[in-house]
Amino acid sequence: MMKHTGSCLCGKISFEIDGDFESFFLCHCEYCRKDTGSAHAANLFSSTARLKWLSGENQVKTFQYKSTRHFKSFCPNCGSALPNIQIDGKHLVVPAGCLETDVPIQAQAHVFLKSKANWDTNLENLPKFDQFPKKDCN
């Protein structure tokens, strides 16, 4: 059984996860694109791992979009995505980017591709830089 640690960007909220992740999906639904501001969300899922807040648990905010199954927990100070427990406490959902430890599994699938952004094509063919480029990439 693995142990993972994570936090928000400002560091006011931190957590520990004991257990293994069963799946890792890149979600392209319109809700995930909207709340990440990106092409997709990268979420890990577990029905057995346990979440323990190390600091700031009382600060965590959770938003549920209307009457959907779309939840997002986040730090109200810096806006970073944080883990949450869904489906009547049966599933832990962890945004992969909030972990400080290595993600132990590879993403298994892109999901909700019907909602994929029109600009999210052939991104693997773009120029690659180790840091912000010094000039335009036209």
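The model is predicted. The volume of the second largest pocket is about 150 Å³.

The largest pocket has a volume of about 920 Å³. Its lining counts 39 residues, and those closest to the centre are Cys 32, Asn 43, Phe 45, His 70 and Val 93. The lining divides into 20 nonpolar, 15 polar and four charged residues. Several elements supply at least two lining residues each: β3, α1 (30-36), β4, β7 (71-74), β8 (81-82), β9 and β10 (91-95). The most comes from β4, with five residues.

| Pocket | Volume | Lining classes |
|---|---|---|
| Largest | about 920 Å³ | 20 nonpolar, 15 polar, four charged |

Five strands form an open sheet in the order β9-β10-β4-β3-β11, and the pairing is mixed. The edge strands are β9 (84-86) and β11 (109-111), each of which pairs on one side only. Neighbouring strands are turned by 35° against each other on average, direction ignored.

Strand β3 (residues 23-27) and strand β4 (residues 41-46) run antiparallel over five bridges. Within this pair, Ser 23 has Phe 45 of β4 as its bridge partner. Phe 45 is also among the residues closest to the centre of the largest pocket.

Next, β4 and β10 pair in the antiparallel sense over four bridges. Strand β10 is mostly covered, with four of its five residues buried.

Then β9 and β10 pair, again in the antiparallel sense, over three bridges. Asn 84 stands opposite Val 93 in β10. Val 93 is another of the residues closest to the centre of the largest pocket. The hairpin of β9 and β10 has four residues between the strands, and Ile 87 takes a positive phi near 50° in this hairpin.

Which other residues have a positive phi without being glycine? Phe 112 is one, with phi about 60°. Asn 122 is another, with phi about 55°. Phe 112 is placed in the segment after β11, and Asn 122 lies in the segment after β11 too. Phe 112 has 56% relative accessibility and so counts as exposed, the cut-off being over 50%. Asn 122, at 52% relative accessibility, therefore counts as exposed as well.

Glu 16 sits in strand β2 (residues 14-18). Is Glu 16 buried or exposed? Glu 16 is buried, because its relative accessible area is 14% and the limit for buried is under 20%. Leaving aside neighbours within four places in sequence, Glu 16 is in contact with Lys 3, His 4, Thr 5, Arg 50, Leu 51, Lys 52 and Leu 54.

How values were computed
Residues numbered from 1 in each chain as written. Predicted model: local features only at pLDDT ≥ 70, side-chain atom pairs only at ≥ 80, totals over all residues. Heavy atoms only, no water. Pairing = 2+ DSSP bridges. Axes fitted to C-alpha atoms, helices over the stretch in contact; angles between N-to-C directions. 1 Å grid on protein atoms, 1.4 Å probe; cavity = no way out; pocket = protein on both sides within 12 Å on 5 of 7 lines; lining within 4 Å. Points joined across faces, edges and corners; volume = space filled by probe spheres on them. Nonpolar A, V, L, I, M, F, W, Y, C, P; charged D, E, K, R; others polar. Buried < 20%, exposed > 50% of the residue type's maximum accessible area, 1.4 Å probe, protein only. Contact = heavy atoms within 4.5 Å.
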